[in-house]
Amino acid sequence: TTVNLHQLVATFYKPEGKRTKILADELNFPSDIYALQSQLRIHGYDPDSHLIRVKSRDGRFLDEDDIIEAMTDEVALVVLPTVLYRSGQILDMERLTRAAHKRGILIGFDGCHSIGAIPHSFSDWGVDFAYWCNYKHLNGGPGAVAGLYVNSKHFGAKPGLAGWFGSRKDKQFDMEHILTPAENAGAYQIGTPHVLSLAPLLGSLEMFAEAGIQNIREKSLRINQYLMDLIQHELGDAGFKIGSPTEDVKRGGHVSLEHKEAARICKALKEKGIIPDFRAPNIVRLAPVALYTSYTDVWNAVQVLKEIMVNKSYEKFSNERGVVA
Ligand SMILES: *Cc1c(COP(=O)(O)O)cnc(C)c1O
């Protein structure tokens, strides 16, 4: 994912005149921020002054109005998440894209937390580029080869980071020292992909295509709503706050539960065979997924959580995250 972001920024970030800044947000995933900072440095700019991070009003959500307000004539490129990795908020990509283009700014999205969970219409929305990992909702396994999207209006743009895998496929083995890039998003491939890590995607993507993303989204909304309802109903006085958007159109494929003992509640859940994510400082992230989580699984998970809270069995763990969250 991060390599794809580097490639896309190297290709589409074209500072010119006073339009030199990159706009992101303060809730963004750290790797994306590191990539943007280093790209600015490569161009000779100080990331402290040239990477703008739109502030969240409450530490959970971003307001599209705030993002649009930050799209000044000093901004060359906007990079935002499709779905925020903590709260699960979906940004209004169509609106943000329209606003960016009206101001002459290119815009790209990180789809790590939305691919496989919600439908995307990047081309209809006019998004310039997007990139994502295939190992969260798409089940490719940790480190699976990532994906990228480039709007067809940009086909032909010279790859910022060129390599032989960006060749037109019939030219790649001609071994010429002049690159003939593919005429589609394949131009932005760099080197040989890891074939073993691509293999699981053959099976996974077929299943997603067969089930249909609209059906997946429908079940995902329902099962996540069920989870939130159960939490409220069964664990109403256990001190949890739901930190995900309540409106369906604004919520991606996971639920964020806030609790001051979150780190050790996660450890207690793991001990019982339920794998959440801990996100510092206080988030238990749960992601019942449409294709293989049942409503019974969700019911059982909430009963386990209830037991943990009633018996305070989380107290035997320290309230700090392990090496891997
Ligand atoms: C998971 C994730 C990544 C992962 O990056 P890799 O380079 O694939 O390790 C990047 N960005 C976001 C938003 C993620 O959720």
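The legends below describe close-up views of the pockets, the ligand site and the cavities in a predicted model.

Local features need pLDDT of at least 70 and side-chain atom pairs count only at pLDDT 80 or more, while totals for chains, interfaces and linings use all residues. Residues are numbered from 1 along each chain as its sequence is written, and side-chain values use heavy atoms, with hydrogens and water left out.

**View 1. The largest pocket.** The largest pocket has a volume of about 1000 Å³. Its lining has 41 residues, and I275, P276, D277, R285 and A287 are the closest to the centre. A pocket is an open set of points on a 1 Å grid over the protein atoms alone, with protein on both sides within 12 Å along at least five of seven lines; lining residues have an atom within 4 Å of a point. Points are joined across faces, edges and corners, and a volume is the space filled by probe spheres set on them.

View 2. Two or more lining residues come from each of α1 (2-12), α2 (30-42), β9 (277-279), β10 (283-286) and α10 (295-310). The largest share, 3 residues, belongs to α10. Helices (H or I, at least four residues) and strands (E, at least two) are DSSP runs, numbered from the N terminus. Domain 1 (2-202) and domain 2 (213-316) each give at least three residues to this lining; the bounds come from an automatic or database domain assignment. By class, the lining holds 23 nonpolar, 10 polar and 8 charged residues. Here Ala, Val, Leu, Ile, Met, Phe, Trp, Tyr, Cys and Pro count as nonpolar, Asp, Glu, Lys and Arg as charged, and the others, Gly among them, as polar.

**View 3. The second largest pocket.** This pocket holds about 410 Å³ of space. It is lined by 16 residues, with N4, V145, A146, L148 and Q189 closest to its centre. Both α1 and β6 (147-150) supply at least two lining residues. The top contributor is α1, with 3 residues. The lining splits into 8 nonpolar and 8 polar residues, with no charged ones.

**View 4. The ligand site.** Around the ligand stand T1, T2, F29, D32, D110, C112, H113, Y135 and K136, each with a heavy atom within 4 Å of it. Polar contacts are pairs of N or O atoms within 3.5 Å. A polar side-chain atom of T1 is 2.7 Å from a ligand oxygen atom. For T2, a side-chain N or O atom lies 2.6 Å from an oxygen atom of the ligand. D110 places a polar side-chain atom 3.1 Å from a ligand nitrogen atom. The protein buries 81% of the 390 Å² that the ligand exposes when taken alone, by the Shrake-Rupley method with a 1.4 Å probe.

**View 5. The largest cavity.** The whole structure has 2 cavities of 30 Å³ or more. In a cavity, a 1.4 Å probe fits but cannot get out. The largest cavity holds about 100 Å³ of space. Of its 13 lining residues, G116, H137, I216, V289 and A290 lie nearest the centre. Domain 1 and domain 2 each supply at least three residues of the lining. The classes are 8 nonpolar, 5 polar and no charged.

**View 6. The second largest cavity.** Its volume is about 30 Å³. The lining consists of L227, I231, L269, I274, L286, A301, V302 and L305. The largest share, 3 residues, is from α10. The lining has 8 nonpolar residues, no polar and no charged.

Terms used:
A polar contact is a pair of N or O atoms within 3.5 Å; within protein, one must be able to donate a hydrogen and the other to accept it, and residues adjacent in sequence count only if both atoms are side-chain atoms.
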